[in-house]
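Q: I would like to learn how to read a structure like this one. Can we go through it feature by feature?

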Amino acid sequence: DSNRTLLVLPGDGIGPEVMNEVRKVIAWMGKKRAVGFDIKEDAVGGAALDKHGLPVSDDTVKAALEADAVLFGSVGGPKWDTLPFEKKPERGLLRLRKEMDLFANLRPAKVFDALVDASTLKPEIVKGLDIMIIRELTSGVYFGEPRGIKTLPNGEREGVDTQRYTSGEIRRVCAVAFELARKRQNKVCSAEKANVMHTGVLWRDEATKLHKESYGDVQLSHMYADALAMQLLRWPHQFDVIVTDNLFGDILSDEASMLTGSLGMLPSASLGAPDATGRRKALYEPIHGSAPDIAGKGIANPLAETMSYAMMLRYSFDLSSEADLVERAVENVLAAGYRTADLLTGGLDDKAAAAKGLKKVGTQEMGDAIV
Ligand code: NAD
Ligand code: IPM
Ligand code: MN
């Protein structure tokens, strides 16, 4: 009943749990705002392995390539951890990213006022923070060849992964960073390890060249990724947009999530290059995983998935006022004191939380509160 096509892939663990809450918001948008989708749903990760023996089927990849957007939950879990490499649930997600050519992964870390005390860092360090990490997503050590495990003539086993980047791959993701910075605080910090890695040298070189050629109006700085990991905790306000490679971006964004209070707060948008009509292939996913330790308990935080949906409205469908609405709902619900367990850090037990006016809620209650 709509010309917007959406593929929903809930996946494993808490993926389906948090996706169920987003369904409520999708339904609300359809009813109250006439923002409808033609929705297809499919299995991915462990769920797909159980169904047809592959972490993602060719049909699902085809559907993802055809859809206007994909909304993804999370994949993986102990049940599938010992499978051979190519059969792991995580390969399903990696194949989707690669075949959809989703090279730019936008991971915003925003500190909501109501959650200033939820962070493990001091309030004055995190208050008002709004940074955007842009992670290269389809190359680097995640995909470089050669890779594998083999037995050497001396009987030892050797594991190999290859960090590899081309100048084009670096330039296209840096361009996304510069473009986004122009709409924000106009600052990009590029992170690599040019002191010890050839890919780091190339990365710094290409970022510098592209900056000089086309983005001289944007402030560019460079930092070694290890130092950046430290600076993120020391004084995160120095950053606006951070652009970095696939592995560093994976690690730094999990780190950044704790500035906001929880890993359950960070959404993401994985974007491809615009086609002739300006449309980008896109997949939206929280940065967290399937959280096997809390799966099935009904306590997962659905806000990262909810805000991933908001990013989808903004980036794939140009529905920025509807995206604002969803983000404002998140803000309001947090201001009203609703907290899933992950947001009650700092040794707050139920009683202490209640004394502060905080309401400990499960996944479904949080979803209802958003609606
Ligand atoms: P994880 O992100 O699943 O969990 C790390 C910690 O954060 C856990 O203690 C978990 O309970 C907590 N957490 C994560 N999301 C939460 C949420 N929404 N609400 C409350 N708490 C939350 O990472 P992990 O434990 O290292 O990995 C578990 C599995 O997930 C692995 O199989 C891994 O490969 C996979 N994984 C998948 C994705 C993805 O699908 N995009 C991302 C990361 C990890
Ligand atoms: C993420 C995850 C994935 C990654 C895994 C599940 C493939 O950690 O999306 O951050 O390493 O990219
Ligand atoms: Mn990760």
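A: Start with contacts. Two residues are in contact if their C-beta atoms, placed from the backbone, lie within 7 Å. Leaving out neighbours within four places in sequence, Arg135 is in contact with Asn105, Arg107, Thr244, Asn246, Gly249, Asp250 and Ser253. This is a predicted model: local features need pLDDT of at least 70, side-chain atom pairs count only at pLDDT 80 or more, and totals for chains, interfaces and linings use all residues. Residues are numbered from 1 along each chain as its sequence is written, while chains are lettered from A and ligands numbered from 1 in the order in which they are written.

Q: Is Arg135 buried or exposed?
A: Count C-beta atoms, placed from the backbone, within 10 Å of the residue's own: 20 or more others make it buried, 12 or fewer exposed, and anything in between partly exposed. Arg135 counts as buried because it has 26 C-beta neighbours inside 10 Å.

Q: Where does Arg135 lie?
A: Helices (H or I, at least four residues) and strands (E, at least two) are DSSP runs, numbered from the N terminus. Arg135 lies in strand 5, residues 130–136.

Q: How is the protein chain divided?
A: Domain bounds come from an automatic or database domain assignment. Here domain 1 covers 1–105 + 265–337 + 364–371, and domain 2 covers 119–260. Their centres, taken over C-alpha atoms, are 23 Å apart.

Q: How many residues of domain 1 are in contact with domain 2?
A: 13 residues of domain 1 are in contact with 16 residues of domain 2. On the domain 1 side, helix 4 (89–99), strand 4 (104–110) and strand 11 (269–274) each supply at least two residues. Helix 4 gives the most, with three. To sort residues by class, count Ala, Val, Leu, Ile, Met, Phe, Trp, Tyr, Cys and Pro as nonpolar, Asp, Glu, Lys and Arg as charged, and the others, Gly among them, as polar. This side of domain 1 has eight nonpolar, two polar and three charged residues.

Q: Which residues of helix 4 are buried?
A: They are Pro89, Arg91, Gly92, Leu93, Leu96 and Arg97. Their cover includes helix 2 (46–52), helix 3 (58–66), strand 11 and strand 12 (280–284).

Q: Which residues touch the most other members of the largest nonpolar core?
A: A nonpolar core is a set of buried Ala, Val, Leu, Ile, Met, Phe, Trp, Tyr and Cys residues joined through C-beta atoms within 7 Å. The largest one has 106 residues, and Val70, Ile134, Ala177, Ile242 and Tyr284 touch the most other members. Helix 10 (residues 303–317) gives the largest share, eight residues. Both domain 1 and domain 2 give residues to this core, so it lies between them.

Q: Which residues are around ligand 2?
A: A residue is near a molecule if its C-beta atom, placed from the backbone, lies within 6 Å of it. Around ligand 2 are Gly76, Glu90, Leu93, Leu94, Asp250, Ile287 and Gly289. Helix 4 supplies the largest share of this shell, three residues.

Q: What does UniProt list for "binding site"?
A: UniProt positions are given in the numbering used here, feature names are shortened, and annotations may be inferred rather than shown by experiment. In the unreviewed entry, one such annotation lists Asp226, Asp250 and Asp254. They are spread over 29 residues of sequence but cluster in space, with a largest C-alpha distance of 14.1 Å. Asp254 is found in helix 9 (residues 246–260). Asp254 is partly exposed, with 15 other C-beta atoms within 10 Å.
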